[in-house]
Amino acid sequence: MSSVQEALKNRSSKRAYLDKTVPKKTIEKILLAAQNTPSGANMQPWVTYAVSDKATLKKVGDAIIETMNSGVENDQFIQYYPLKWVNPYKKRRIVTGAGLYKLMGVDRKDNETRIKMWHDNFRWFGASNVIFVFTHKANIDGAQGVLLDCGAYMQSIMLAAQELGISSCPQGSTTEFGRIVARELGVSDNLALLYSVVLGYEDKDAKINSYQPERVALDESVTFID
Ligand SMILES: Cc1cc2nc3c(=O)[nH]c(=O)nc-3n(C[C@H](O)[C@H](O)[C@H](O)COP(=O)(O)O)c2cc1C
């Protein structure tokens, strides 16, 4: 069993998985733990679809890739990334992306491979379990608070999984195609997709899984007023 500190330190996003389904009991255990996530007014605004049916995941992935290939940039409920990138975030984003491509030996100009790597998101990196997190549209109509709650819920899922030896990758890539995901999963019209989290058994031999982008020093993020 890992401590919270260890789980925080050891978790990292994994982008290659073994073709092995996580037992439903384990997924339930993870989601039961994540139910303890705090939320404003105890709203618990997450509406979660835990999908482990390969055909359904393929259908969702196919629909997203098809949409992308038709030239549509996004079809979303919420805008995740900033519309205007400013530093230091712009630089951190570039450094993180460049580090991954360098590790994988992908040239800066090799668009084809980069696109293929992005499409891997919608093949769920070979995993068979994906948690899709929605909220009621009314919760995000002119308000953003539930995004804080559901963000905390995301981390709860990932840390609870980590403790049980299950790896994860959070996905804002699905946020960008949230309407496609909602349509393909056939969810109620009043739900908006916020994000997904891939869960599974990481392929320990896959080079991509050794990528662990560094964090900035504490004093770059934190101001202490003593
Ligand atoms: C909200 C959110 C969305 C993300 N979306 C994606 C994604 O769509 N695809 C992906 O490969 N990684 C995605 N990531 C993973 C980040 O790239 C990763 O967390 C970051 O580079 C730090 O690396 P680490 O998670 O390995 O510590 C996302 C992370 C978060 C928190």
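Modeller: Happy to! Let's start with His 136, which stands opposite Leu 191 in β4. Before going further, a word on the source: this is a predicted model, where local features need pLDDT of at least 70 and side-chain atom pairs count only at pLDDT 80 or more, while totals for chains, interfaces and linings use all residues. Residue numbers run from 1 along each chain as its sequence is written.

The part I have picked is strand β2. Helices (H or I, at least four residues) and strands (E, at least two) are DSSP runs, numbered from the N terminus. Strands pair if DSSP finds at least two bridges between them. β2 and strand β4 (residues 191–200) run antiparallel, joined by eight bridges. β2 also runs antiparallel to β1, with five bridges joining them; there, Thr 48 stands opposite Val 133 in β2.

Is β2 buried or exposed? Seven of its eight residues are buried, so the strand is mostly covered. Here a residue is buried if 20 or more other C-beta atoms, placed from the backbone, lie within 10 Å of its own, exposed if 12 or fewer, and partly exposed in between.

Part of the surroundings is helix α3. Its buried residues pack against β1 (47–51), β2 (129–136) and α7 (178–185), where contact means that two C-beta atoms, placed from the backbone, lie within 7 Å. The buried residues of α3 are Leu 57, Val 60, Gly 61, Ile 64 and Met 68. They cover an arc of only 95 degrees around the axis, so they sit on the same side of α3; the arc is that of the directions from the helix axis to the C-beta atoms. On the face turned away from that buried side, α3 carries the exposed residues Ala 55, Glu 66 and Asn 69. Just after α3 comes Gly 71, with a positive phi of about 95 degrees.

Finally, look at the loop between α5 (111–119) and β2, where you will find Trp 124. Its phi is near 60 degrees, a positive value in a residue other than glycine. Trp 124 counts as buried because it has 24 C-beta neighbours inside 10 Å. For contrast, look at Gln 44 in the loop between α2 (24–34) and β1. Gln 44 is not a glycine either, and has a positive phi of about 45 degrees, but with 15 C-beta neighbours inside 10 Å it counts as partly exposed.
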